[in-house]
Amino acid sequence: MISETLKKRLFAELYKRDWGNEEPGKPVKPEHSVLFEHLVYRALAEDFIGQSKAAELLGMLASQFQENRSLTETGTDAAAHR
């Protein structure tokens with residue numbers, strides 16, 4: 001917790017350096033989590049869900065999902081073909 005006075009001083013410094021609207025430095029790439037995707041594939045492998053439900057959960061068409069699965073199973077990097 002900081003005091004109201006310190007907060008005002010820090011904001012004044014930010015705007016003085018013209019950082020009020022955009023942070024300094026190079027932007028960091030957004031992270032891409034694969035946990036949900038792994039959970040969907042695990043549920044599919046354990047027969048909790050079918051292929052059409054897996055495709056729906058991953059936001060893709062069933063045909064697109066099937067193509068990605070066949071590319072993955074043959075050892076081709078499916079992520080490169082998305």
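This is a predicted model: local features need pLDDT of at least 70, side-chain atom pairs count only at pLDDT 80 or more; totals for chains, interfaces and linings use all residues.
Phe11 belongs to helix H1, which spans residues 4-16.

Charged side chains are considered next. Side chains of opposite charge can pair when their charged atoms come close. The structure holds five salt bridges. One of them joins Glu13 to Arg17, with the closest N and O atoms 2.6 Å apart. Glu13 is partly exposed at 29% relative accessible area, and Arg17 is likewise classed as partly exposed, at 46%. Glu13 and Arg17 are also linked with Lys16 in a network of salt bridges.

A further salt bridge connects the side chains of Arg42 and Glu46, at 2.9 Å from N to O. Arg42 is exposed, with a relative accessible area of 54%; because the limit for that class is over 50%, Glu46, at 42% relative accessibility, counts as partly exposed instead.

In helix H3, which covers residues 51-57, Glu56 and Lys53 stand three residues apart, about one turn of the helix. These two residues form a salt bridge whose closest N and O atoms are 3.6 Å apart. Glu56 is exposed, with 54% relative accessible area, whereas Lys53 is partly exposed at 36%.

A search of the whole structure finds one aromatic pair. The ring centres of Tyr41 and Phe65 are 5.6 Å apart and the ring planes meet at 20 degrees, so the pair is stacked; the cut-off for stacking is under 30 degrees. Tyr41 is in helix H2 (residues 35-45) and Phe65 in helix H4 (residues 62-73), and 24 residues separate them.

Gln66 is partly exposed, with a relative accessible area of 35%. The C-alpha atom of Gln66 lies 8.3 Å from that of Ala55, a residue 11 positions away along the chain.

Conventions:
Residues are numbered from 1 along each chain as its sequence is written. Side-chain values use heavy atoms; hydrogens and water are left out. Helices (H or I, at least four residues) and strands (E, at least two) are DSSP runs, numbered from the N terminus. Rings of Phe, Tyr and Trp (its six-membered ring) pair if their centres lie within 6.5 Å; planes under 30 degrees apart count as stacked, over 60 as edge-to-face and the rest as tilted. Buried means under 20% relative accessible area, exposed over 50%, partly exposed in between (1.4 Å probe, protein chains only). A salt bridge is a side-chain nitrogen of Lys or Arg within 4 Å of a carboxyl oxygen of Asp or Glu.
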